[in-house]
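Biologist: I have a fold on screen and want to learn how to read it. Please take me through it.

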Number of protein chains: 2
Amino acid sequence: MKSESRPPSSVTNLKIVCLAGGVGGAKLADGLAQIVPPENLTVVVNTGDDFAHLGLKICPDLDTVMYTLAGAANLETGWGRAGESWRTVAEVGRLGGPDWFHLGDLDLATHLVRTQLLGEGMSLTAVTGHICRHFNIQPTILPMSDQPAPTLIATGAARLSFQTWFVKERWQPPVEQVVLPDDVRATPAVLKALETADLLLIAPSNPFVSVAPILNVYPIRAMIEDLPQAVVAVTPIIGGQAVKGPAAKMMQEMGLPVTARAVADYYGDLIDGFVYDQQDAGSLDGLNMACLCVDTWMHTLADRRRLAQEVLNFAIYVAGNE
Amino acid sequence: MKSESRPPSSVTNLKIVCLAGGVGGAKLADGLAQIVPPENLTVVVNTGDDFAHLGLKICPDLDTVMYTLAGAANLETGWGRAGESWRTVAEVGRLGGPDWFHLGDLDLATHLVRTQLLGEGMSLTAVTGHICRHFNIQPTILPMSDQPAPTLIATGAARLSFQTWFVKERWQPPVEQVVLPDDVRATPAVLKALETADLLLIAPSNPFVSVAPILNVYPIRAMIEDLPQAVVAVTPIIGGQAVKGPAAKMMQEMGLPVTARAVADYYGDLIDGFVYDQQDAGSLDGLNMACLCVDTWMHTLADRRRLAQEVLNFAIYVAGNE
């Protein structure tokens, strides 16, 4: 971000944009939704994981964020719907179809409606708005792009689609490189959200396969670099481990230290502030950036709100000190 | 059919081809499957009702025939799966999607697998074979064509797709005309079945929207006209009413008498024999064609077998007297 900052007014007037992947991003977004007026909160979600499966357009990260903000998410798994059942996918397997992707009966409805509306010519942004309205979700949830933007995982000789690597192969094949597509453009809705953002937060999502795909969408990275106010990221790495998912394993395979500091270094000049866990206290000392050391675990709904409030307060502090 | 007939051998050696639509066709096919060795029974099914819905390829008549021959059909409704549930479609409605088509959770699996396999480049014939194998269905079930062949219903100013008229509008808009597509061709599998058929049966399906779409596929009608052995149709009209569905209402709207005789006249020279219900005894007198008057109701599984046996015996008789 540039240094020509203006002092933020009270938090309720600040326009917040949060970049989010799946579970971690959804949880922070949910915390933010508890304290930020809905008209001031926009969550820009990774769609690099999206894929076509059984004829349906599936957007795992969008779904996780929507279900979480709707209070309809499965709190135990972090993904999928609460009260889910699995009749259809079990029958798909019995009929010799692919059943490796966990498609719940309720979850399926989202994919069916999305596929139908996209087929009618609606944009993914508009479809997401439609589904959010029917879930009575008040904040704005935006896909990072309306174009397909598939993230590929280069592993050995193969380049796997993200879901093939992540779900079908249970993220076991070692990652040599995350391959992001060229020429993907942000939507007018994302551009407008970034233009008017007072604070930009990067959720505790996987930096390489959740956040990087968003930053890769032109011109999102450049716009964030130019943001006059604070850009603050929250670590997804605690005590040398990923809170969830393959981030730690990927960092190891890509030759990075598995530390919160390596995440801060990865974001580098893009961010103005970094939030890391108390378990790693001291490990960010000497970093040339504002840092906040707090409990970043979000076990409960109250944790989400507490962390969101701490991150927001910190971001306001960072913005005021730019 | 031509008159150069050869005497049929025992029923177990005869190759039977049955043209079928939905429920009535499925029931007769199921009766035939109980007495004809599976390698000698081919059911050619109407695909004029097929449609794309919620991103899925749905083939209602194929599904009804498959579920029936698999013993997986709902015996009360005649369509759909036994033990069905409706979680997904209820949620589709809640999310503002189209829920007018009755998509059960088990039924959905068929559409998902079909859509996936078609998307991989498999033909509808091959996909149907795949699903039949997984249902452990022994006779051969063939779609009438691998090409899309949508039946349209001309009603007033509008031309409705078949399912829109049939399910969404509950077949209430009066039918002015059934509009069948040009240039639809039969598959090699259908051609081979017809070339080698000893007996051809036309199931008690709707003549206008179930059987006519099959006959409209080039060169099915011509091949049936040239068949050396008997062609026998079973009436779907009993006592001035359709056993099920819109056949009677359509006949009225198209200015036809609602009688078994009108059905026989509609098939005309194409058929060599006609099976009608005892309730209409005498009404076919004077028809210049072999006729069989029996109980054509198929309430029970045993009824299906009995009627199939009577129809087969009659067809063999007709063939022997050609």
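Predicted model: local features only at pLDDT ≥ 70, side-chain atom pairs only at ≥ 80, totals over all residues.

Biologist: How many helices and strands are in chain A?

Modeller: Both are DSSP runs, numbered from the N terminus: helices are H or I, at least four residues, and strands are E, at least two. Chain A has twelve helices and 14 strands. Its radius of gyration is 19 Å, close to the 20 Å of the globule rule for 322 residues, so chain A is as compact as a globular protein of that length. That radius is taken over C-alpha atoms, and the rule is 2.2 Å times the number of residues to the power 0.38.

Biologist: What share of the residues in chain A is buried?

Modeller: Buried means that 20 or more other C-beta atoms, placed from the backbone, lie within 10 Å of the residue's own. In chain A, 54% of the 322 residues count as buried.

Biologist: Now a sheet. How do strands pair?

Modeller: Strands pair through backbone hydrogen bonds, parallel or antiparallel. Pairing here requires at least two DSSP bridges between two strands. In chain A, three strands form an open antiparallel sheet, ordered E7-E6-E8.

Biologist: Which are the edge strands?

Modeller: E7 (158-161) and E8 (177-179) of chain A, each pairing on one side only. Three bridges join E6 (residues 152-155) of chain A to E8(A). Leu152(A) stands opposite Val179(A) in E8(A).

Note on methods. Residues numbered from 1 in each chain as written. Chains lettered and ligands numbered in written order. Buried ≥ 20, exposed ≤ 12 C-beta atoms within 10 Å, placed from the backbone.
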